[in-house]
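Please read the following report alongside the sequence and the three-dimensional structure. The headings take up selected sites one after another.

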Amino acid sequence: MRRVPATGDEKESLYVSLDRHRDAVLWKLDGLDEEQVRRRMTPSGTSLLGLVKHLACNEYGWFCETFGRGIETLWFDPEAGEDMSVEPDESTSKIVHFYGRSRTEADKVISELALDDVGTSWRGETVSMRWALIHMIEETARHAGHMDILRELVDGATGDHPPL
């Protein structure tokens, strides 16, 4: 796992920070079975796998859609809150691959644009790539923290990153 460079440029530092949190999200699923990753751990129904699905939607939304790139056709409706729930036909592999595809497409946009380039968010706001990166670092870190708590409740495992 890469570390945020202590003297890197701004874009590299922001990107590496995001990527470290993305990797932590996936690490939280390691070694768990289908029942464990799907287990609804809160009254609102939050599960480890549901958070990964949600983050995949956010990657596509904040990087691809905001900056005028297309996304794959979704098999669920995020506007109806279906990005946080996991249906019986949605395997861990399906959701993890979806997250991987969203990261790959987001990475293309991140690499192509400068930090000051702007796009239009789903709210109609003009946002810069810098803002989108900061927002996704916050979003991903927040949900990685949720996943850390859920993982501890599932099997006692804790930590924000695998040991180096």
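## Cysteines

A disulfide is a covalent bond between the sulfur atoms of two cysteines, and the criterion applied here is a pair of cysteine sulfur atoms within 2.5 Å. Across the whole structure the search returns zero disulfides; Cys57, accordingly, is in no disulfide, with the sulfur of Cys64 as its nearest cysteine sulfur at 12 Å.

Cys64 counts as buried because its relative accessibility is 1%, and Cys57 counts as buried at 13%. Here buried means under 20% relative accessible area, exposed means over 50%, and partly exposed covers the range in between, with a 1.4 Å probe and protein chains only.

## Basis of the model

This is a predicted model, in which local features need a pLDDT of at least 70 and side-chain atom pairs count only at pLDDT 80 or more, whereas totals for chains, interfaces and linings use all residues. Residues are numbered from 1 along each chain as its sequence is written, and side-chain values use heavy atoms, with hydrogens and water left out.

A pocket is defined on a 1 Å grid over the protein atoms alone, as an open set of points where a 1.4 Å probe fits, with protein on both sides within 12 Å along at least five of seven lines, and lining residues have an atom within 4 Å of a point. Grid points are joined across faces, edges and corners, and the volume is the space filled by probe spheres set on the points. Helix H3 (48–65) and helix H5 (129–155) each supply at least two residues of this lining, and the largest share, seven residues, comes from H3. Helices are DSSP runs of H or I with at least four residues, numbered from the N terminus.

By class, the lining of the largest pocket has eight nonpolar, seven polar and five charged residues. In this scheme Ala, Val, Leu, Ile, Met, Phe, Trp, Tyr, Cys and Pro count as nonpolar, Asp, Glu, Lys and Arg as charged, and the others, Gly among them, as polar. The second largest pocket has a volume of about 170 Å³ and is lined by Arg38, Arg40, Ser44, Gly45, Thr46, Ser47, Met84, Ser85 and Val86; its lining has two nonpolar, five polar and two charged residues.

Ser102 lies in helix H4 (residues 92–112) and counts as buried because its relative accessibility is 0%. Its side chain reaches the backbone oxygen of Tyr99 at 2.8 Å. Leaving aside neighbours within four places in sequence, Ser102 is in contact (heavy atoms within 4.5 Å) with Ala56, Glu59 and Tyr60.

His143 is placed in helix H5 and, at 4% relative accessibility, counts as buried. A polar contact of 3.4 Å joins its side chain to that of His54; such a contact is a pair of N or O atoms within 3.5 Å, where, within protein, one must be able to donate a hydrogen and the other to accept it, and residues adjacent in sequence count only if both atoms are side-chain atoms. When neighbours within four places in sequence are left aside, His143 is in contact with Leu51, His54 and Leu55.

Val16 is found in helix H1 and is buried, with a relative accessible area of 1%. Not counting residues up to four places away in sequence, Val16 touches Arg2, Arg3, Val4 and Pro5. Ser17 is also placed in helix H1 and is buried at 18%; with the sequence neighbours up to four places away not counted, Ser17 touches Val4 and Ile137.

Asp33 lies in the loop between helix H1 (10–27) and helix H2 (34–38), and is partly exposed, with a relative accessible area of 42%. The side chain of Asp33 reaches the backbone nitrogen of Gln36 at 2.8 Å. The C-alpha atoms of Asp33 and Thr92 are separated by 8.7 Å, although these residues are 59 residues apart along the chain.
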